[in-house]
Amino acid sequence: MNTKKVLGILEYALSKEIEGMQFYESKSKTVKIKQVKDIFEELSNMEKGHVNYISGLIRNVKDHDYVYFSQEEDIGQAFSKRAQTEIVYGGDFESVKSDIPVLRMAYLIEEDFVNYYKKAAQSVDDDEMKKILNHLAEWEEDHRDRIYTLYQKVAKDYWEHMDVEPLY
């Protein structure tokens with residue numbers, strides 16, 4: 001295992017997961033739709049779980065010069081159900097329009113994570129590290145896809161309420 005390369009990959013991943021955690025924590029306080037707020041709080045906790053997982057991997061590499069893949073389950077199973085439930089707007093569609101770009105940003109953050117982990121997995125020779133990075137990519141794909149589903153639903157509901165076709 002190329003320890004320097006693996007540490008570089010993991011330390012960068014750690015910094016991005018911390019950024020993601022802070023983004024979701026911050027935006028959960030500003031979004032207007034309750035379901036989006038709940039999902040962002042949950043995503044913040046999931047990203048914190050990723051931070052802890054990656055921190056443990058970094059310790060293993062530094063202390064023992066190895067990593068091993070363990071099938072960590074992504075926390076937040078309710079997230080998957082909540083992203084597909086009916087959204088209650090309370091008649092305030094003006095507030096909804098401010099949540100749409102925030103959901104789009106969340107989607108892009110997760111897409112960046114997916115791409116990073118996949119490229120990093122391709123760049124390493126160590127089989128265990130490949131498994132870990134591909135597993136992290138799968139976690140982030142799940143987050144990305146569920147955010148996108150919610151984003152599409154909220155945007156569609158908004159445009160239908162406005163009785164206008166989106167211009168994009």
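**From values to words**

Author: Read along the sequence, this predicted model follows the pattern α-α-α-α-α, with 5 helices and 0 strands.

Reader: How do you know which of the elements has the lowest mean pLDDT and which the highest?

Author: pLDDT is the predictor's confidence in each residue, on a scale from 0 to 100. On that scale helix α3 (residues 77-82) has the lowest mean, 50, while helix α1 (residues 3-27) has the highest, 95. The protein as a whole averages 85, and 85% of its residues score at least 70.

Reader: Why are α2 and α4 called roughly parallel to each other?

Author: The axes of helix α2 (residues 34-64) and helix α4 (residues 93-123) cross at roughly 20° and come within 12 Å. Angles under 35 degrees count as roughly parallel, and α2 and α4 are therefore given that name.

Reader: Which residues of α2 and α4 meet, and of what class are they?

Author: From α2 come V36, F40, E47 and I54, and they meet D99, V102, L103, A106, E110, F113 and Y117 of α4. Sorted by class, this contact has 8 nonpolar residues, 3 charged ones and no polar ones.

Reader: Why does K27 count as partly exposed?

Author: A residue is buried under 20% relative accessible area and exposed over 50%, with partly exposed in between. K27, which lies in helix α1, has a relative accessibility of 24% and so counts as partly exposed. Across the protein, 44% of the 168 residues count as buried.

Reader: What does K27 touch, leaving aside residues up to four places away in sequence?

Author: K27 touches F40, V102 and M105, where touching requires heavy atoms within 4.5 Å. K27 and S44, which are 17 residues apart in sequence, are 9.7 Å apart in space from C-alpha to C-alpha.

Technical notes: Residues are numbered from 1 along each chain as its sequence is written. This is a predicted model: local features need pLDDT of at least 70, side-chain atom pairs count only at pLDDT 80 or more; totals for chains, interfaces and linings use all residues. Side-chain values use heavy atoms; hydrogens and water are left out. Axes are lines fitted to C-alpha atoms, for helices over the stretch in contact, and angles run from 0 to 180 degrees between N-to-C directions. Helices (H or I, at least four residues) and strands (E, at least two) are DSSP runs, numbered from the N terminus. Angles under 35 degrees count as roughly parallel, over 145 as roughly antiparallel, 65 to 115 as roughly perpendicular and the rest as oblique. Ala, Val, Leu, Ile, Met, Phe, Trp, Tyr, Cys and Pro count as nonpolar, Asp, Glu, Lys and Arg as charged, and the others, Gly among them, as polar. Buried means under 20% relative accessible area, exposed over 50%, partly exposed in between (1.4 Å probe, protein chains only).
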